[in-house]
Amino acid sequence: QVQLVESGGGLVQPGGSLRLSCTASGSIRSLYSMGWYRQAPDKQRELVASITRDDSINYAESVKGRFTISRGNAKNTVHLQMNSLKPEDTAVYYCKVTDIGTYPTKVFWGQGTQVTVSS
């Protein structure tokens, strides 16, 4: 059983900042990557940012220069610092963990946290 606990969402004005955090616990055999995805109403879920265990980082073009993903001291924690937020960043943000210690590879999702950017 794997659990992902997300925190840090909320309501913020345009130009503001939020910090999301996600901690994974349970039976993860070989954590390969952690990341954040988001889904706005009537849109598909999309990658926001991801980081591998080797610290390889990937960002969506729309958030480059504004968002920063990092891992906590405990390697099962990931943070997303979101600055200069825009109304189009409004979405439910989901944490994703990839475990390559099993076959086939397993993917786990958090329950999602709402981020609303509005004046």
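1. In this predicted model, the charged end of arginine 45 sits over the ring of tryptophan 109, 4.6 Å from the ring centre. Arginine 45 also lies over the face of tyrosine 94, where the distance to the ring centre is 3.7 Å. Both placements are worth a look on your screen.

2. Are the two partners buried or exposed? Tyrosine 37 has 18% relative accessibility and therefore counts as buried, the cut-off being under 20%. Tryptophan 109, with a relative accessible area of 37%, is partly exposed.

3. Now the disulfide. A search of the whole structure finds 1, joining cysteine 22 to cysteine 95 with an S to S distance of 2.1 Å. The link is left-handed, with -80° about the S-S bond. Cysteine 22 lies in strand β3 and cysteine 95 in strand β9, so the pair ties together parts that are 73 residues apart in sequence. Both cysteine 22 and cysteine 95 are buried.

4. Which residues have the most contacts inside the largest nonpolar core? They are Trp36, Leu80, Met82 and Tyr93, in a core of 27 residues. Among the elements that give two or more residues to this core are β3 (18-26), β4 (31-39), β8 (77-82) and β9 (91-99). Leaving aside neighbours within four places in sequence, methionine 82 is in contact with Gly16, Ser17, Leu18, Leu20, Arg66, Phe67, Tyr93 and Val115.

5. Serine 33 is also in strand β4. At 13% relative accessibility, serine 33 counts as buried. Not counting residues up to four places away in sequence, serine 33 touches Ile51, Thr52, Lys96, Val97 and Thr98.

6. Finally, a loop residue: glycine 15, found between β2 (10-12) and β3. Glycine 15 counts as exposed because its relative accessibility is 54%, and the cut-off is over 50%. Beyond neighbours within four places in sequence, glycine 15 is in contact with Ser84 and Leu85. The C-alpha atoms of glycine 15 and proline 87 are separated by 9.2 Å, although these residues are 72 residues apart along the chain.

Technical notes
Residues are numbered from 1 along each chain as its sequence is written. This is a predicted model: local features need pLDDT of at least 70, side-chain atom pairs count only at pLDDT 80 or more; totals for chains, interfaces and linings use all residues. Side-chain values use heavy atoms; hydrogens and water are left out. A nonpolar core is a set of buried Ala, Val, Leu, Ile, Met, Phe, Trp, Tyr and Cys residues joined through side-chain atoms within 4.5 Å. Buried means under 20% relative accessible area, exposed over 50%, partly exposed in between (1.4 Å probe, protein chains only). Helices (H or I, at least four residues) and strands (E, at least two) are DSSP runs, numbered from the N terminus. Contact means heavy atoms within 4.5 Å. A disulfide is a pair of cysteine sulfur atoms within 2.5 Å. A charge sits over a ring if NZ of Lys or CZ of Arg is within 6 Å of the ring centre and within 35 degrees of the ring normal.
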